[in-house]
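Reader: I have a protein model to look at. Please show me how to read it.

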Amino acid sequence: QLQLVESGGGLVQPGGSLRLSCAASGFTLDYYAIGWFRQAPGKEREGVSCISRSGGSTNYADSVKGRFTISRDNAKKTVYLQMNSLKPEDTAVYYCAAKSRGSPYSSICPSRDMDYWGKGTLVTVSS
C-alpha cells in the first residue's frame with residue numbers, strides 16, 4: 001500500500017527548532033519530487049518547500065527562506081524538513097506530498113500536481 005507518513009511535529013517555543021520527517025512506503029521515492037505544505041487554522045494550504053527527485057534542486061516559500069531546510073535520503077525513503085527560528089505564524093498542520101510528473105530536475109511542486117499526500121503532522125509554535 002502506497003503511503004506517506006509525516007512525523008516530528010509538536011509544541012515548540014518561538015525561536016526553537018523541529019525536524020519533520022516524511023517516510024514513504026509502497027513505492028520508490030527516487031521517482032518523485034517531494035513537497036512540504038502547511039495549512040494554518042482558517043487559512044488555505046500553502047506550499048513551504050520542494051525538493052527534486054535527486055535532491056539536487058530545492059525551492060522555498062519566501063516566508064521560510066533562511067530558516068527551513070529540505071533534504072532527502074532516498075535509501076531511507078525519507079524526506080526531512082529542518083525548521084529553525086520558528087515563529088508563531090509557522091503554526092500549522094504540515095503535509096508532505098509526492099509528484100511524479102514533470103522534469104526529474106524540477107523543485108517546483110504545485111499542490112494540484114501532487115500525486116500522493118500524507119495525513120499531516122501538527123506544529124504549534126507558542127510560549
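Author: Begin with pairing. Two strands pair if DSSP finds at least two bridges between them. Strands (E, at least two residues) and helices (H or I, at least four) are DSSP runs, numbered from the N terminus. In S11, Val 93 has Leu 122 as its bridge partner.

Reader: What should I know about the model itself?

Author: This is a predicted model: local features need pLDDT of at least 70, side-chain atom pairs count only at pLDDT 80 or more, and totals for chains, interfaces and linings use all residues. Residues are numbered from 1 along each chain as its sequence is written, and side-chain values use heavy atoms, with hydrogens and water left out.

Reader: How many helices and strands does the chain have?

Author: There are 0 helices and 11 strands.

Reader: In what sense do S9 and S11 pair?

Author: S9 and S11 are antiparallel, with 3 bridges. S2 (residues 10–12) also has 3 bridges to S11, but S2 and S11 run parallel. There, Leu 11 is partnered with Thr 124 of S11.

Reader: Which side chains of S11 are buried?

Author: First, the cut-offs. Buried means under 20% relative accessible area, exposed over 50%, and partly exposed in between (1.4 Å probe, protein chains only). Now look along S11, where side chains alternate. Thr 121, Val 123 and Val 125 point to one face and are buried. Over the chain, buried residues make up 43% of the 127 residues.

Reader: What is a nonpolar core?

Author: It is a set of buried Ala, Val, Leu, Ile, Met, Phe, Trp, Tyr and Cys residues joined through side-chain atoms within 4.5 Å. In soluble globular proteins, nonpolar side chains tend to be buried together.

Reader: Which residues touch the most other members of the largest core?

Author: The largest nonpolar core has 28 residues. Ile 34, Trp 36, Phe 68, Val 79, Leu 81, Met 83 and Tyr 94 touch the most other members. Strands that give two or more residues to this core include S4 (33–39), S8 (78–83) and S11 (121–125). A second, separate core has 6 residues, among them Phe 37, Cys 50, Ala 97 and Cys 109.

Reader: What does Val 79 touch?

Author: A contact means heavy atoms within 4.5 Å. Leave out residues up to four places away in sequence. Val 79 then touches Leu 20, Cys 22, Ile 34 and Trp 36, among others.

Reader: Why does Asp 90 count as buried?

Author: Asp 90 counts as buried because its relative accessibility is 1%. Find Asp 90 in the loop between S8 and S9. Beyond four places in sequence, its contacts include Arg 38, Arg 67 and Val 123. For polar contacts, look for a pair of N or O atoms within 3.5 Å; within protein, one must be able to donate a hydrogen and the other to accept it, and residues adjacent in sequence count only if both atoms are side-chain atoms. A polar atom of the Asp 90 side chain lies 2.8 Å from the backbone nitrogen of Lys 87.

Reader: Where is Lys 77?

Author: Lys 77 is in the loop between S7 and S8. Lys 77 counts as partly exposed, because its relative accessibility is 27%. Its side chain reaches the backbone oxygen of Phe 27 at 2.9 Å. Apart from neighbours within four places in sequence, Lys 77 is also in contact with residues including Cys 22, Gly 26 and Leu 29.
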